[in-house]
Amino acid sequence: MKNLLLTGFLCLIAYCGFGQTDDYYLYVGTYTRKTSEGIYVYRFNTNTGDFSPLVSPKG
């Protein structure tokens, strides 16, 4: 039974690994001032090296 569960778990990990994209999220933190949001979020593409800003969390 343990071997069956281990095999199923390893197959699930392998399946999830193939579904990944080349995009990652970059989180950049800054000191908060009146004009700063504190944390900025960017989408980074590992194939092209491009990154684009996303909506910054407020709070």
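This is a predicted model: local features need pLDDT of at least 70, side-chain atom pairs count only at pLDDT 80 or more; totals for chains, interfaces and linings use all residues.
Let me start with T48, which is found in the loop between strand 2 and strand 3, where helices (H or I, at least four residues) and strands (E, at least two) are DSSP runs, numbered from the N terminus. T48 counts as exposed, at 51% relative accessibility, on a scale where buried means under 20% relative accessible area, exposed over 50% and partly exposed in between, with a 1.4 Å probe and protein chains only. Although T48 and D23 are 25 residues apart in sequence, their C-alpha atoms are 9.9 Å apart in space.

Residues are numbered from 1 along each chain as its sequence is written, and side-chain values use heavy atoms, with hydrogens and water left out.

As for confidence, pLDDT is the predictor's confidence in each residue, from 0 to 100, and the chain averages 75, with 71% of the residues scoring at least 70. Where is confidence lowest, and where is it highest, in the chain? The lowest mean, 66, belongs to helix 1 (residues 2–18), and the highest, 89, to strand 3.

Turning to the overall arrangement, the secondary structure comes to one helix and three strands, and along the sequence the chain follows the pattern α-β-β-β. The three strands form an open sheet in the order 1-2-3, with antiparallel pairing, and here two strands pair if DSSP finds at least two bridges between them. At the edges of this sheet are strand 1 (23–29) and strand 3 (51–53), each of which pairs on one side only. From one strand to the next the twist averages 30 degrees, taken from axes that are lines fitted to C-alpha atoms, for helices over the stretch in contact, with angles running from 0 to 180 degrees between N-to-C directions.

Looking at the two pairings in turn, strand 1 and strand 2 pair in the antiparallel sense over seven bridges, with Y27 standing opposite V41 in strand 2. Strand 2 (residues 39–45) also pairs with strand 3 in the antiparallel sense, over three bridges; there the bridge partner of Y42 is P53, and F44 stands opposite F51. The hairpin of strand 2 and strand 3 has five residues between the strands, and within that hairpin G49 takes a positive phi near 80 degrees.

F44 deserves a moment of its own. This residue is found in strand 2 and counts as partly exposed, at 26% relative accessibility. F44 and Y24 are 20 residues apart in sequence, yet 5.1 Å apart in space from C-alpha to C-alpha. Leaving aside its neighbours within four places in sequence, F44 is in contact (heavy atoms within 4.5 Å) with D22, D23, Y24, L26, G49, D50 and F51.

The structure holds one aromatic pair. Why is the pair of Y42 and F51 edge-to-face? The ring centres of Y42 and F51 are 5.6 Å apart and the planes stand at 85 degrees, so the pair is edge-to-face, given that rings of Phe, Tyr and Trp (its six-membered ring) pair if their centres lie within 6.5 Å, with planes under 30 degrees apart counted as stacked, over 60 as edge-to-face and the rest as tilted. Y42 is partly exposed, with a relative accessible area of 22%, while F51 is exposed, at 53%.

Finally, the totals for the chain. Of its 59 residues, 7% count as buried, and the accessible surface comes to about 5,600 Å², of which 62% belongs to carbon and sulfur atoms. Among contacts with a separation of 6 or more, residues 24 or more positions apart account for 6%.

Key. Accessible areas come from the Shrake-Rupley method with a 1.4 Å probe; for residues, only the protein chains shown count as cover.
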